[in-house]
Every structure is written in C-alpha cells, then in structure tokens.
Amino acid sequence: MHPPLRPVPHHLGQPSSARSFSTTTQALARPSRSALKHFHRNIPPYPYGPSLLYKQSNFGLYGGAKPQFGNKVSERNEIKTRRKWVPNIHEKRLWSVAMNRYLRVKVQARVLRTIDKVGGLDEYLMGDSPARIKELGMEGWKMRWRLMQTGWWRERVKRRRMEMGLRPEGVNMLLSDAELLGEDGVDNEEREESEEERDKQEEEKAQVESEWEEAKFSDEEREHILQSDLRTEDGSPLARMHAGMQAEGERAAKPRRSIFQRLMGR
C-alpha cells in the first residue's frame with residue numbers, strides 16, 4: 001500500500017496574495033528618486049536641486065563634498081595608479097534645541113566642525129548665507145523646513161523683528177493698517193514717498209529749464225553780460241571766472257624760459 005499523501009505546505013503551493021513580512025518600511029525601500037519625491041512632497045523645492053552625480057549626498061549633511069579622483073604615484077619608479085578619495089562620512093546623533101530631541105543623520109567630518117563652531121545643529125541649519133544654503137543639500141533643506149515649523153523659530157523671528165523696529169507677527173493687522181492709513185485711505189508712507197519723488201522731479205525740471213535759458217543767449221548777449229558783470233564793484237562769480245580765464249591766457253602767451261635761464265636768473 002502506498003503511504004497517505006501529506007498536505008502540501010502553503011509556502012510550496014500556489015503563491016499567496018498576502019504581503020510577506022518585512023522590517024523595511026516602504027519609503028526606505030524605494031529608489032533614490034522616488035524616496036526624494038516622497039520625503040519632499042510637502043516641502044518647498046530646493047533651489048539648487050538634488051545631486052545627480054553623488055546621490056547618497058541627498059540623504060545627509062555632506063557639505064557639498066563629492067568623491068575626488070587622482071593618481072597614486074610610486075616612490076620607486078613613479079608608476080601612476082588611478083585611485084579615488086571618498087568623503088569622511090559618519091552617522092551621528094545630534095541634539096536639536098528646537099525639536100527637543102536627538103536627530104540621527106549622516107554628516108561629514110568638516111560639517112561637524114562647522115556645527116561646533118556656529119553653536120549647534122539648529123544654528124547650522126538656519127544659516128542664511130547663499131554658501132550655507134548650497135551646502136545643506138536636500139537633507140539639510142528638509143531639516144531646515146522642519147525647524148521653521150517649530151515655536152522656537154517663531155519666537156526667534158518675533159524677537160528679531162522687535163529688535164529691528166518692525167511689527168511682530170501675530171498682531172491685529174487691521175488695526176495696524178488703520179493706524180497707517182490716512183483719512184483718504186492712502187498709506188501715509190506711500191504719500192510721503194510720492195511727494196518726495198514729485199519734488200525731486202520738479203527740481204530736475206527747473207534745473208533743465210535754467211540750463212536751456214542760459215544756452216539760448218547769443219555770443220553778443222554773453223559778451224554784454226560779461227562786461228556788465230565786470231563793471232560791478234564787488235564782481236560776480238561770472239566776472240571772477242572771466243578774469244581768471246584772461247589771466248591764464250596772458251600767462252600762457254608769455255614765452256617760457258628754459259631751465260638754464262631760470263637757474264641763471266634771466
């Protein structure tokens with residue numbers, strides 16, 4: 001007699017539609033492009049875009065570092081062998097004052113020194129210089145956006161606005177606008193700026209008209225004006241300028257002595 005047939009195990013039979021067990025989350029299992037799109041879906045676009053040559057720098061604070069390529073030269077016969085230098089990357093737990101917790105992030109050794117220099121991770125991420133924004137990368141841009149959503153950053157912005165003499169955020173804008181507007185509904189600051197521009201334009205127009213009136217005089221009229229100014233007792237600025245021009249012409253008309261004649265007193 002044949003032995004009874006045993007039931008086929010489920011994993012050896014037809015494939016099951018149930019999802020297999022995995023400890024890796026779906027977001028982390030995606031390719032780099034899909035993962036970036038998933039993590040940055042609710043974040044403003046990074047102005048410099050993701051790194052296309054060194055893609056792992058999009059998931060850490062690499063400070064703009066990339067692999068360097070060169071040659072290893074032998075000391076004996078100077079044979080060159082191609083090699084490359086990769087960035088010195090470490091995985092660290094850095095404390096965030098704004099979030100009040102540790103953040104695990106891949107960070108370059110040079111960026112670690114910069115973080116210690118500026119006074120912490122939050123100060124490094126919130127740097128406003130163009131070079132700092134460029135070296136943050138996609139991961140630093142995401143962390144910066146998260147810090148800007150915390151109450152620590154709101155209090156900091158409010159304190160800076162008060163130091164600069166600006167209105168703090170969160171006040172009643174309707175009352176403040178009503179105080180700034182005049183009776184006719186026009187902003188007082190805009191009215192003052194428009195009046196200053198109007199006065200400036202009128203001054204420029206008057207200056208151009210005066211120059212045009214001076215240019216319309218003929219040569220005979222100019223000579224008559226000069227002679228009348230020369231006849232005055234005190235002398236006008238125009239007369240003094242004319243006298244200076246005449247003296248300069250007489251001085252230029254004199255024959256120039258040589259250096260030998262000047263030394264001999266002739």
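Colleague: In what kind of contact do the side chains of Glu135 and Arg110 meet?

Modeller: The side chains of Glu135 and Arg110 meet in a salt bridge, 4.0 Å from N to O. The term means a side-chain nitrogen of Lys or Arg within 4 Å of a carboxyl oxygen of Asp or Glu. Glu135 belongs to helix H4 (residues 130–147) and Arg110 to helix H2 (residues 109–118), so the pair ties together parts 25 residues apart in sequence. Helices here are DSSP runs of H or I, at least four residues, numbered from the N terminus. This is a predicted model, where local features need pLDDT of at least 70 and side-chain atom pairs count only at 80 or more, while totals for chains, interfaces and linings use all residues. Residues are numbered from 1 along each chain as its sequence is written, and side-chain values use heavy atoms, without hydrogens and water.

Colleague: Is Glu135 buried or exposed?

Modeller: Buried means under 20% relative accessible area, exposed over 50%, and partly exposed in between (1.4 Å probe, protein chains only). Glu135 has 17% relative accessibility, so Glu135 counts as buried. Arg110, at 33%, is partly exposed.

Colleague: Which residues are linked with Arg110 in a network of salt bridges?

Modeller: Arg132 and Glu135 are linked with Arg110 in that network.

Colleague: How many salt bridges does the structure hold?

Modeller: It holds 4. One of them joins Arg156 and Glu123, at 3.1 Å from N to O. Arg156 lies in helix H5 and Glu123 in helix H3 (residues 121–125), so this pair ties together parts 33 residues apart. Arg156 is buried at 12%, whereas Glu123 is partly exposed at 29%.

Colleague: Where do Glu139 and Lys142 lie?

Modeller: Both are in helix H4, 3 residues apart, about one turn of the helix.

Notes
Helix = DSSP H or I, 4+ residues; strand = E, 2+ residues; numbered from the N terminus.
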